[in-house]
Amino acid sequence: MPEPEPGPGLVLEGVSAGYGARQVLREVSVRASPGEITGLIGANGSGKTTLIRVASRGLRPERGVVRVAGWDPYDLSARRAARLVAVVPQDVLATFPFSVLETVLMGRAPYLSPWGAGRPEDWSRVRSAMSMVGVSHLGDRAVSELSGGERQRVILAQALAQDAPVLLLDEPTTHLDIRHVVRILTLVRGLARREGTAVLAIFHDLNLASVYCDRIYALKEGRVVARGAPASVISSATLQQVFGVRADVLPGAAAGRPAVVFASVPQEGSLEPGAMRVHVIGGAGRGAELIRALMERGLEVSTGVLHATDTDAAVAERLNLIRITVPPFSQIDAGSAAECIGIIRKASALIVCDAPFGPGNVENLRIAIHSAREGVPTILLQQVPIEERDFTGGEATDAWRRLASGSAVTPGVEATLDAVEAIRSRGARRSG
Amino acid sequence: MALVALLSIALLAGLGFGSVGISPGTTLRLLAWKLGLAERPAGVPASTVVILFDLRLPRVLLAALVGAALATAGTLFQALFRNPMADPAIIGVSSGAAMGAILVILSGAGAAFGGLAVSAAAFAGALATAFLVYRLARLGPAVHVGTLLLSGIAVAAVISAAISMVMAFSGQEIRSIYFWLLGGFGSRGWAALGAAVPFVAIGSGVALAMTGDLNLTSLGEERAGQLGLEVERFKRIMLATGALLTAAAVSVSGLIGFVGLMTPHILRLATGADHRRLLPSAIVGGAAFLVLADLAARTLVPPEEIPVGAVTALLGGPFFLFLLRRERRSPGAGA
């Protein structure tokens, strides 16, 4: 028996694995440390379950190193490996009517003789595992009679009864209602903190992953494409890369961790191929509502120049828009202005929102005038008169009036959308 | 406990009923005398003693032994294949055993049914079939249950056809082979019992020692592996054990269906699925069931004897359909 190598918990290094000719994992390195919950996220078929299988001695990798509590599980007997790593699968077949008590006792199998008589310490472990997940009252019920959620908790109790230092969870909360989701994940986190269990868990719910994980690995097509603390992995850009969906990520909204919202953002598929892009000049949050409304219409949106801490900049970042930002409180520099003009030039329309203008952003109006002269159809959204939001001593008012003379001026978001629609249909007629 | 009482009653009834009736009291006193526990009871004719000890006792014990073997094999196969419909006959192991036995009988190597050579050949046939089916079903790194059952059915069909062809060319032996195939315990005697006992003892001993591991397989192969079972090795041991038990039964009694299918299925309703309780119950229950079935076979239409395989099928079929209907009507109930 080889000496255990340093580094407890679960270590996968450069692991490639698959089924026959089909390679699923490519050079994957993942670490789950004791006392922590490590999350795995990724689309269906990205290799999450295969990774769990490799780590639990269920699929020998073609290449790479697997260490469970310092041991290579493929060097150990199944029995010894089962004392080191416990798995909670998505679901378990219940062909025959085993009782809950009998089923949880099976978790003690790595410690029992082949005929499987439980000793007193096995039974006490079984009972404590059952009470931890709240299935004590189900003891004599047949597992085949339980609901999906109850069965999942029974299987979790079975895995807890294994007393393994490494716990692998394959979507442990799929069938559970939210009360049990919170209870189970809190329990698992407590187990990690108290007993130093290394937990590796697959999550489909990104908000749960964000809140409960200490570290997160994102898998795509069998490779790790992002890893780190939830705050760094749960970002609009990463989620776009991993899942190919646009997510509205609110940094810090979930008690300091990122929160993810999908419903408000149009998805990749809803963008028509070659959808027209509209550039929005906003600021101080005056552009946010319009940006969202434009995206819901299936339009692509770019924005800038914005100060990095501006509300509109935060929205643009969350929605992963093309955007140009400058540091907070600075004046818009010539380089950013030129870059912005370049972006507007390729847009189908420019919308200038009724932001307050001061020395820091009055350059935006000059950019707009320049672009309008270049022939980009321009719309001014004016709900508040320019005089009330001019903090430049008249310069902004002059610029706004010059802009207004050659552009459509609309009194609200709806009217602006109609104006954009008009530009779109003109464009369609011209190209058609 | 109730099952042990049932088996005792079945044994006494099996010994008592027949063309010559022997009362339970007389039977018990004669048994006590043979075991050296009591004096020879007075007033019992010598013919009764001959009937009891040379005809009935070996026959009843053989029925009990075969019932225990088939029920154990059925329990093993059902657990292994996670399918309550699995049975030595369905996966082709019984046919394989029969084929082995018939070949030895026809070659003249085995003097009579139930001889040691026949048992060995039946075991070889059953084992070969079990592993052939296992190999056929083994496409990837693991054996899938559906493929295994289908392979079993296909192999059983081929073997049955082969048996028919062998019988067609067997001339004089055809009648005896035919009746042997139908299944029965008539005039097998103590020799058959002696040939089968060691196999059944070894087979059920191995099975009883692994009841905890049998429980694990019912969760699926992957889960069983995660819980510490060397699944592939365990499956091979169980296949061999099931083949051994089936061969022991087939070589002394022919093809008797439904015992391996029904016994575990019915007893699971009473004991639950845990093999630590189910398997011992199946051994006792299977024995009692087949003793009673044999009793029915030889007493229902005297002086004719119905093949016991027909009796088990007659009893088993309708009961099985009844269970199936009840299970359909209230899913999960009766578990």
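User: What is the handedness of the crossing of α13(A) and α14(A)?
Analyst: In this predicted model, the crossing of α13(A) and α14(A) is left-handed.

User: At what angle do the axes cross, and which residues are in each helix?
Analyst: Roughly 20°, with the axes coming within 10 Å. Helix α13 of chain A covers residues 363-373 and helix α14 of chain A covers residues 395-405. Since angles under 35 degrees count as roughly parallel, that makes α13(A) roughly parallel to α14(A).

User: Which residues make the contact?
Analyst: From α13(A), A:Leu365, A:Arg366, A:Ala368, A:Ile369 and A:Ala372. From α14(A), A:Ala396, A:Ala399, A:Trp400, A:Arg402 and A:Leu403. The residues of this contact divide into eight nonpolar, no polar and two charged.

User: Other topic: A:Cys213. Buried or exposed?
Analyst: A:Cys213 counts as buried, because it has 26 C-beta neighbours inside 10 Å and the cut-off is 20 or more.

User: Where is the place of A:Cys213 in chain A?
Analyst: In the loop between α7 (206-212) and β8 (215-220).

User: What is A:Cys213 in contact with, leaving aside neighbours within four places in sequence?
Analyst: A:Ile37, A:Thr38, A:Gly39 and A:Pro230.

User: And how many residues of chain B are in contact with chain A?
Analyst: 26 residues of chain B, against 28 residues of chain A. On the chain B side, α9 (211-217) and α10 (221-226) each supply at least two residues.

User: Which element gives the most to that side of chain B?
Analyst: α9(B), with five residues. The residues of the side of chain B that touches chain A divide into eight nonpolar, ten polar and eight charged.

How values were computed. Residues numbered from 1 in each chain as written. Chains lettered and ligands numbered in written order. Predicted model: local features only at pLDDT ≥ 70, side-chain atom pairs only at ≥ 80, totals over all residues. Contact = placed C-beta atoms within 7 Å. Helix = DSSP H or I, 4+ residues; strand = E, 2+ residues; numbered from the N terminus. Nonpolar A, V, L, I, M, F, W, Y, C, P; charged D, E, K, R; others polar. Axes fitted to C-alpha atoms, helices over the stretch in contact; angles between N-to-C directions. Parallel < 35°, antiparallel > 145°, perpendicular 65-115°, else oblique. Left-handed = near helix turned anticlockwise from the far one by under 90°. Buried ≥ 20, exposed ≤ 12 C-beta atoms within 10 Å, placed from the backbone.
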